[in-house]
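Biologist: Hi! Could you walk me through this model before I start working with it?
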Amino acid sequence: MGTADRGAIRVEELARRAEVSVDTIRFYQKRQLLQPPRRQGRVAWYDTDHEDRLGRIKELQRQGFSLAVIRRLLDGELDATDAPLAAAVAGAQQGDADLLDLDELAARVGIPAPLVEAIVREGLLVPQQRDGRTGYTVDDVDVLRSGLRLLEAGFPLNDLLALARRHHEATRAIATDAVEMFDAHVRHPLQASELSDDEKAERLVEAFRTLLPTVTALVAHHFRSVLLEVAQEHLEAVGDATELAAARNEPGWEAT
């Protein structure tokens, strides 16, 4: 094949046209997002199909899709009704503000970057993907500042990280159950219905957007109620009269 055949170009030219790095192109190939080039001897040639696919990958990344979902979308492995649902899930993670990288997050809060890395490893912070970047939001800044207040109150750092790890494991298990319930009781019945693909997709997205805030509010309310209940039981068992009197003035306290 000659260099003029089918608009063949080298990887450097493809990277320039697609406004990505050569390393990114090779990374996409390893992740099976981009088909391998045609080879003529030891020379690799790319064409407009590669350029178009890179453009589609970048667009889907801007919409917040993970690379795994992007690969399935481009390869036609996702049901037609699942693509809008995947977009709704990705969109629910997005905000208007730009993402902060780890160093920017640490600087914003005023703590060392290695401490932020440790918090991320424990699952207390979950980075987002947006426009091909991985980073953190202003909500994560608030979470870390809340954590600092706990440290200032006397909580040991190692104990807080251990608590965060247990919370992450328990929360992930509950979230997995919730997603499986959605799959079994909402998604599969809708996909098996006689509705058109467009109506199936619309109802799936509507169900997701209704259930996400509902489940989130229920979980938050339940955790707060249980935390107050446990605190009340603990104070009733070990607290002195002054502590009990102060606690009874707090919202949510129910004296028995």
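Biologist: Great. Is this experimental or predicted, and how many helices and strands are there?
Modeller: This is a predicted model. The protein has 11 helices and four strands.

Biologist: And what share of the residues counts as buried?
Modeller: Of the 256 residues of the protein, 29% count as buried.

Biologist: On to helix packing. At what angle do helix 9 and helix 10 pack?
Modeller: Helix 9, residues 157-191, packs on helix 10, residues 197-238, at an angle of about 160°, and the axes are 9 Å apart. Angles over 145 degrees count as roughly antiparallel, so helix 9 is roughly antiparallel to helix 10.

Biologist: Is that crossing left-handed or right-handed?
Modeller: The crossing of helix 9 and helix 10 is right-handed. From helix 9, the contact uses Phe182, Val186, Arg187, Leu190 and Gln191, and helix 10 brings Lys200, Arg203, Leu204, Ala207, Phe208 and Leu211. By class, that contact of helix 9 with helix 10 has seven nonpolar, one polar and three charged residues.

Biologist: I see residues three or four apart in those lists. Why would they point the same way?
Modeller: An α-helix has 3.6 residues a turn, so residues three or four places apart point the same way.

Biologist: Nice. Now helix 6: how does it sit against helix 7?
Modeller: Helix 6 (residues 102-109) and helix 7 (residues 113-121) pack at about 110°, with axes 9 Å apart. The two are therefore roughly perpendicular to each other, and their crossing is right-handed.

Biologist: Which residues meet there?
Modeller: On the helix 6 side they are Leu102, Asp103, Leu105 and Ala106, and these meet Ala113, Val116 and Glu117 in helix 7. Sorted by class, the contact of helix 6 with helix 7 has five nonpolar, no polar and two charged residues.

Biologist: Where does helix 8 come in?
Modeller: Helix 8 covers residues 138-152 and packs with helix 6 at an angle of about 50°, the axes being 10 Å apart. That makes helix 6 oblique to helix 8. Here too the crossing of helix 6 with helix 8 is right-handed.

Biologist: And who makes that contact?
Modeller: Leu105, Arg108 and Val109 come from helix 6, while Val138, Asp140, Val141, Leu144, Arg145 and Leu148 come from helix 8. The residues of this contact of helix 6 with helix 8 divide into six nonpolar, no polar and three charged.

Biologist: Let's move to Glu122. Where is Glu122 found?
Modeller: Glu122 is in the loop between helix 7 and strand 3, the latter being 128-130. Its relative accessibility is 15%, and the cut-off for buried is under 20%, so Glu122 counts as buried.

Biologist: What is Glu122 in contact with?
Modeller: Leaving aside neighbours within four places in sequence, Glu122 is in contact with Leu161, Ala164, Arg165 and His168.

Biologist: Now helix 5. Which residues of helix 5 are buried?
Modeller: In helix 5 (residues 82-92) the buried residues are Asp82, Leu85, Ala86, Ala88 and Ala90. Their cover includes helix 4 (67-74), helix 9 and helix 10.

Biologist: Last stop, the start of the chain. What about Ala8?
Modeller: Ala8 is in the segment before helix 1 (11-18). With a relative accessible area of 11%, Ala8 is buried. Ala8 and Ala44 are 36 residues apart in sequence, and their C-alpha atoms are 9.3 Å apart in space.

Biologist: And Val22, what does Val22 touch?
Modeller: Val22 is in helix 2, residues 22-30. Not counting residues up to four places away in sequence, Val22 touches Val11, Glu12 and Ala15.

How values were computed. Residues numbered from 1 in each chain as written. Predicted model: local features only at pLDDT ≥ 70, side-chain atom pairs only at ≥ 80, totals over all residues. Heavy atoms only, no water. Axes fitted to C-alpha atoms, helices over the stretch in contact; angles between N-to-C directions. Parallel < 35°, antiparallel > 145°, perpendicular 65-115°, else oblique. Left-handed = near helix turned anticlockwise from the far one by under 90°. Contact = heavy atoms within 4.5 Å. Nonpolar A, V, L, I, M, F, W, Y, C, P; charged D, E, K, R; others polar. Buried < 20%, exposed > 50% of the residue type's maximum accessible area, 1.4 Å probe, protein only.
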